Amino acid sequence: MAFLHATAHASAPAIDNAAKKRSLTPYLLLLPGMVWLIGFFVLPIATLASTSTMTRPEGAAVGTYVQSLRFQNYFDAFNANKDQFFRSFLYAGIATLLALAISYPLAYMIAFKAGKMRSFLLVLVVAPFFTSFLLRTVAWTQILGDEGPVVSFLKALPFFSNDIRLTSTPFAVVSGLTYNFLPFMTLPLYASLERIDPRTLEAAGDLYANGLTTFRRVTVPLSMPGVVAGTLLTFIPAAGDYVNAYLLGNPNTRMIGNVIDSRFFAIVDYPTAAALSFTLMAAILILVTLYIRKSGTDELV
Amino acid sequence: MSANQNEKLNPVTKSIINAQLSRRGVLAGVGAIGASVALASCGTGSGDTATKTVEDVSDTEKIVRWASWPYYLDFDEDSKKYPTLEAFAAKTGITPTYKEDIDDNNTFYGKVQGQLKIGSDIGYDVVTPTDWMVDRWIQLGYAAKFDEANIPNKKNIRAILNDVGYDQGRQYSLTWQSGFAGFGWNTEKIKKGVHTIDDLFAKENKGRIMVLSELRDTMGIIMQYQGVDPSGAFTEDQYMNAIDFLKGKIADGFIRQVKGNAYTESLVSGDAVAVIGWSGDLFVLKSENAGKFDFAIPDSGGTLWSDNVLIPSTSAHKKNAEALINYYYEPAVAAQVAAYVNYICPVEAAQAELEKIDPALAASPYIFPDAATLAKVKVFRGLTTDESTKFQTAFDEATGN
């Protein structure tokens with residue numbers, strides 16, 4: 001009894017220590033992530049937030065701003081750039097739908113019909129990432145240019161006027177967005193399609209569903225997580241993109257990213273740029289939340 | 001000869017003096033407010049100019065890195081090398097890196113301002129911004145003061161360029177090249193040329209016109225078309241009238257793009273047939289493309305600007321940079337550069353040297369301008385910081401941003 005008592009006594013601190021260690025472990029594991037998050041997300045966001053309400057004292061040097069908690073900045077910035085906001089969401093929306101329309105058959109084909117070619121086709125989808133995003137977009141300005149092969153071909157056709165041009169048009173901007181973000185749509189779609197158990201499709205056939213019904217009632221619902229992830233991964237960066245609008249567009253197709261860029265770099269108006277960035281972030285957050293609610297899926301991939 | 005030349009250059013002197021007067025007023029105002037900002041000390045920008053002293057490692061690291069504009073240094077198509085730079089490397093043992101990294105003053109400033117502010121290396125030892133931007137760099141303490149002993153050739157600079165408003169006595173910067181902004185066009189597409197704004201915005205050119213994203217050049221030309229002198233004390237209303245004109249041409253689809261130096265690529269690719277562009281670029285394009293492009297100063301008036309070499313305060317290779325700058329103010333070298341870039345040469349004595357290379361070029365009014373040419377151009381006046389913010393905002397909003 002005494003012996004037992006003694007051992008119990010002896011081990012009690014050990015257990016205590018182990019418990020303590022166990023309770024600390026999750027925090028220690030979280031530490032690198034938290035440090036990263038604070039250093040590279042929370043702090044910059046806080047700085048951005050504080051910049052967004054600053055004002056420039058009359059006559060001060062370019063780029064000098066002092067904090068004056070002017071929340072009116074947000075309304076001013078939004079009102080001055082409503083068009084570009086609207087345009088960003090419109091272009092990003094169209095590009096997302098186009099990317100979905102192109103990617104779904106592609107991902108379906110790779111997942112179900114490609115056989116041995118599967119890995120090769122996947123490499124082809126990812127291959128454009130091996131060169132710079134900028135270079136690829138610049139290449140499009142040449143391919144679609146007035147003296148380029150596409151326009152020359154279209155001009156040769158009878159039903160296009162000789163004035164036809166493709167670069168510096170909304171068409172070119174939306175095409176550029178679609179092209180550049182296509183892999184972000186294809187890969188999640190492929191991942192969720194590939195995970196579908198073929199037996200569920202066979203079962204649908206056994207229950208007298210034809211090909212179309214099987215696709216509509218079984219394949220599509222099962223691939224929804226991929227659709228949601230793909231649309232989000234395409235829409236969010238496309239809405240904030242400015243490279244495509246800059247290189248492929250004209251002054252009437254500028255998106256909100258271009259405005260933020262010019263406010264920040266050309267006008268050196270940090271508060272407006274910061275306010276616009278926050279408004280964009282908030283708008284995307286609201287849209288995404290609504291979308292996820294509506295599509296009713298918590299599981300993203 | 002030299003006195004005669006000065007007489008001829010009078011219009012420039014006048015406009016530079018004008019610019020200088022208004023800049024002085026600005027500086028006084030900025031000084032006062034700058035002080036109060038420093039006191040308040042919570043804010044962004046120049047209040048807390050970092051003047052961290054950088055150790056010069058020129059003797060151990062024999063390199064110098066230079067950021068400049070496209071078509072701004074003699075280039076040999078065959079060897080893909082810059083002959084004068086090669087000669088500099090051979091002569092001094094310093095390895096220069098030359099990058100055409102400046103497409104637009106504002107975007108370049110945007111790229112490097114963060115590092116300049118905290119005093120960490122921006123990756124360049126020599127940069128080449130335009131005068132109004134040099135003004136900003138000097139005011140904010142981002143330019144390193146020259147060690148004059150290392151740049152004896154400084155004396156070769158044109159007399160009128162030796163005392164500019166933003167840098168009295170050229171202690172921080174030296175004029176690299178000056179040039180004109182005017183009209184450039186594709187001679188195959190537009191046979192009669194482009195000499196007026198109406199020629200530029202002719203119906204046939206619709207959708208194939210590009211203008212510069214450099215406010216002072218594009219607006220300076222439009223303002224002169226509207227009868228306003230951009231070097232004089234023009235009012236905000238007069239400036240906004242010109243903005244309305246620009247907005248109209250963009251809304252009607254006449255102007256395809258508002259671009260930095262990349263307009264040259266659009267001319268070559270055929271996306272643009274007429275532009276507001278820079279003299280030297282177009283002469284280089286002209287010689288590279290067998291006369292397919294040409295340049296003219298608008299009948300209603302063009303603009304004159306200068307780009308300047310300066311050493312960023314963050315450079316750790318200041319001595320090498322000074323050696324490089326000194327080298328380019330030798331008349332023979334300046335002539336070699338002028339023969340390629342076709343901009344106004346800052347070294348007067350280079351004219352005799354250029355005559356040996358190409359007598360036709362030495363007589364060009366676009367390289368060694370005569371009074372008649374200079375009478376056709378204006379220097380955009382210095383803007384107060386309030387004007388600068390307001391005008392740049394209006395310009396960027398008009399161009400879709």
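Trainee: What makes residues of chain B count as in contact with chain A, and how many do?

Mentor: Two residues are in contact if their C-beta atoms lie within 7 Å. In this predicted model, 37 residues of chain B are in contact with 33 residues of chain A.

Trainee: Which element supplies the largest share of the side of chain B that touches chain A?

Mentor: Helix α16(B) does, with 7 residues. Elements that each supply at least two residues include α2 (10-40), α4 (105-118) and β9 (255-259) of chain B.

Trainee: What is the make-up of that side by class?

Mentor: The side of chain B that touches chain A has 23 polar, 9 nonpolar and 5 charged residues.

Trainee: Which residues of α8(B) are called buried, and why are they said to lie on the same side?

Mentor: A buried residue has 20 or more other C-beta atoms within 10 Å of its own. B:Y239, B:A242, B:L246, B:K249 and B:I250 are buried. These residues cover an arc of only 105° around the axis, and therefore lie on the same side of α8(B). Their cover includes α7 (215-225), β9 and α16 of chain B.

Trainee: Which residues of α8(B) are exposed on the other side?

Mentor: B:E236, B:D237 and B:A251 are exposed there; the cut-off is 12 or fewer such atoms.

How values were computed. Residues are numbered from 1 along each chain as its sequence is written. Chains are lettered from A and ligands numbered from 1 in the order in which they are written. This is a predicted model: local features need pLDDT of at least 70, side-chain atom pairs count only at pLDDT 80 or more; totals for chains, interfaces and linings use all residues. Helices (H or I, at least four residues) and strands (E, at least two) are DSSP runs, numbered from the N terminus. Ala, Val, Leu, Ile, Met, Phe, Trp, Tyr, Cys and Pro count as nonpolar, Asp, Glu, Lys and Arg as charged, and the others, Gly among them, as polar. The arc is that of the directions from the helix axis to the C-beta atoms.
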